[in-house]
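Q: Can you walk me through this structure? I'd like the overall picture, then some details.

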Amino acid sequence: MKYYLAILVSLLSVVALTAQTKVEKIVPTKATGEGIVYYLPKTSLLINVEVRKITVTAGEYYRYAERYLGIKNVPTENGVTYELGRITVVNKGVPDTDNAYKIEFRQKTVAPFAYLTSDGLLCAINAEYIPESGETETRREQKAPVTSPSSVYTEEFLMAGSIARQAEVAAKQIYHLRESRTDILTGDADNLPPDGEAMKIVISKLEEQEKELTKLFVGTESRETMYYDISIIPEDELDGEVLFRFSKKLGILDSDDLGGEPVYMKVTALERAPQLDPKEAEKKEKMMSKGVIYNVPGRALIEIAFNNKSLLKMETPFVQFGARDVLMPAILEDKKQPVKVVFYPEIGAIKQITK
């Protein structure tokens with residue numbers, strides 16, 4: 001089973017979760033032997049994990065938060081914690097190098113061509129192929145601008161000789177700002193703003209100043225969002241596979257790092273291809289040597305859990321639980337109207353057959 005983990009993006013970046021498949025039209029020529037080589041895919045599961053990093057910084061005057069502002073349980077020290085966010089799974093077909101095949105077009109075939117993905121997966125034969133355009137979801141994390149309370153430091157504050165005195169002066173300034181805002185809203189201020197728009201600006205400025213001074217007591221909390229990609233290719237069912245580990249103090253970790261608790265994945269076969277007896281298998285193998293091979297996938301149930309809590313549960317087509325079948329070349333050799341075949345490149349199954 002192939003398996004890897006990598007950080008994809010972090011704060012202030014944008015990542016496209018769904019992008020169109022790059023395809024190329026291939027027309028066989030004498031130089032290429034009148035044929036096209038392609039791969040059948042096997043199912044790879046691409047797991048995207050969202051992790052939120054929370055950084056807490058204690059306020060300079062946290063000891064005086066309750067005394068002067070009546071605020072309890074404020075942070076008393078700096079710290080970093082992590083939260084496990086959303087998990088998504090995408091069925092991503094990857095070329096199976098053990099299943100490479102060649103389509104040989106006969107001379108009877110009219111204008112034969114095929115579409116392949118950039119990594120050689122079959123998309124269509126004798127048909128135009130347009131990748132499905134899923135809505136591209138982007139994740140954007142915006143960081144609030146960092147401001148300094150220095151712009152609201154008064155002369156009295158700057159001349160305070162001790163931390164305790166500074167905290168007292170800062171608290172008085174907070175109450176003064178609140179009083180000024182209340183006076184403006186109730187119309188009791190000596191100099192009221194001339195209009196509603198000016199009032200909004202003044203109120204906003206007062207609230208900003210109060211917020212910055214309050215941070216000196218209650219501290220700050222910033223959040224960053226990171227995304228990790230994990231790719232896994234199960235050859236069969238999985239039960240209790242450790243996908244990765246997670247720690248509130250360390251974040252996401254490798255599956256063998258005991259610094260975190262395990263996040264488990266389970267893959268259960270819901271539909272499997274029936275087993276053929278030896279004679280049927282031999283007959284089918286002979287037929288497959290003459291036509292276009294494609295996948296008939298099975299179906300799987302994917303489950304991901306952490307601390308006995310389900311994080312994800314989904315069903316998906318699964319090539320490894322299916323079988324291969326053959327499209328006989330006769331239907332592609334109509335001089336007047338060749339058959340058009342469109343495939344699902346991610347699973348190698350037939351999507352549509354038309355004339």
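A: One term comes up at once: a residue is called buried when its relative accessible area is under 20%, and exposed when that value is over 50%. This is a predicted model. By that cut-off, 40% of the 355 residues in the protein are buried.

Q: How many helices and strands are there?
A: The protein has five helices and 14 strands.

Q: What share of the contacts with a separation of 6 or more is between residues 24 or more positions apart?
A: That share is 75%.

Q: How many bridges between strand 10 and strand 11?
A: Eight, in the antiparallel sense; strand 10 covers residues 261-271 and strand 11 covers residues 292-306.

Q: Now strand 3. Which way does strand 4 run against strand 3, parallel or antiparallel?
A: Antiparallel, with 20 bridges joining strand 3 (residues 35-57) to strand 4. In that pairing, Ile47 stands opposite Val89 in strand 4.

Q: And what does strand 3 do with strand 7?
A: Strand 3 also pairs with strand 7 (residues 220-233), over 13 bridges in the antiparallel sense. There the bridge partner of Leu46 is Ser231 in strand 7.

Q: What holds paired strands together in general?
A: Strands of a sheet pair through backbone hydrogen bonds, either parallel or antiparallel.

Q: Switching to rings. How many aromatic pairs?
A: Six, counting rings of Phe, Tyr and Trp whose centres lie within 6.5 Å. One of them is Tyr38 with Tyr101: the ring centres are 6.0 Å apart and the planes are at 40°, so the pair is tilted.

Q: Where do Tyr38 and Tyr101 lie?
A: Tyr38 is in strand 3 and Tyr101 in strand 4, so this pair ties together parts that are 63 residues apart in sequence. Both Tyr38 and Tyr101 are buried.

Q: Why is the Phe246 and Phe306 pair put in its class?
A: The planes of the Phe246 and Phe306 rings are at 90°, so the pair counts as edge-to-face; the ring centres are 5.9 Å apart. Phe246 lies in strand 8 (residues 238-247) and Phe306 in strand 11, so the pair ties together parts 60 residues apart in sequence.

Q: Helices next. How does the reach of helix 3 compare with what is expected?
A: Helix 3 (residues 163-186) has 24 residues and reaches 35 Å from its first C-alpha to its last, close to the 34 Å expected at 1.5 Å a residue. Its buried residues include Gln166, Ala170, Ile174, Leu177 and Ile184. Just after helix 3, Gly187 takes a positive phi of about 80°.

Q: And helix 4?
A: Helix 4 (residues 196-218) has 23 residues, which should span 33 Å at 1.5 Å a residue; the end C-alpha atoms are 32 Å apart, which agrees. Among the buried residues of helix 4 are Ile203, Leu206, Leu213 and Phe217, along with Gln209, Glu210 and Glu212.

Q: What covers the buried residues of helix 4?
A: The cover includes helix 1 and helix 3.

Q: Last one: where is Glu77?
A: Glu77 sits in the loop between helix 1 (65-69) and strand 4 (79-104).

Q: Why does Glu77 count as exposed?
A: Its relative accessible area is 59%, and the cut-off is over 50%, so Glu77 is exposed.

Q: Which residues does Glu77 touch, leaving out those up to four places away in sequence?
A: Val56 and Ala58. The C-alpha atoms of Glu77 and Val56 are separated by 7.9 Å, with the two residues 21 apart along the chain.

Conventions. Residues are numbered from 1 along each chain as its sequence is written. This is a predicted model: local features need pLDDT of at least 70, side-chain atom pairs count only at pLDDT 80 or more; totals for chains, interfaces and linings use all residues. Side-chain values use heavy atoms; hydrogens and water are left out. Helices (H or I, at least four residues) and strands (E, at least two) are DSSP runs, numbered from the N terminus. Buried means under 20% relative accessible area, exposed over 50%, partly exposed in between (1.4 Å probe, protein chains only). Contact means heavy atoms within 4.5 Å. Two strands pair if DSSP finds at least two bridges between them. The expected span of a helix is 1.5 Å times one less than its number of residues. Rings of Phe, Tyr and Trp (its six-membered ring) pair if their centres lie within 6.5 Å; planes under 30 degrees apart count as stacked, over 60 as edge-to-face and the rest as tilted.
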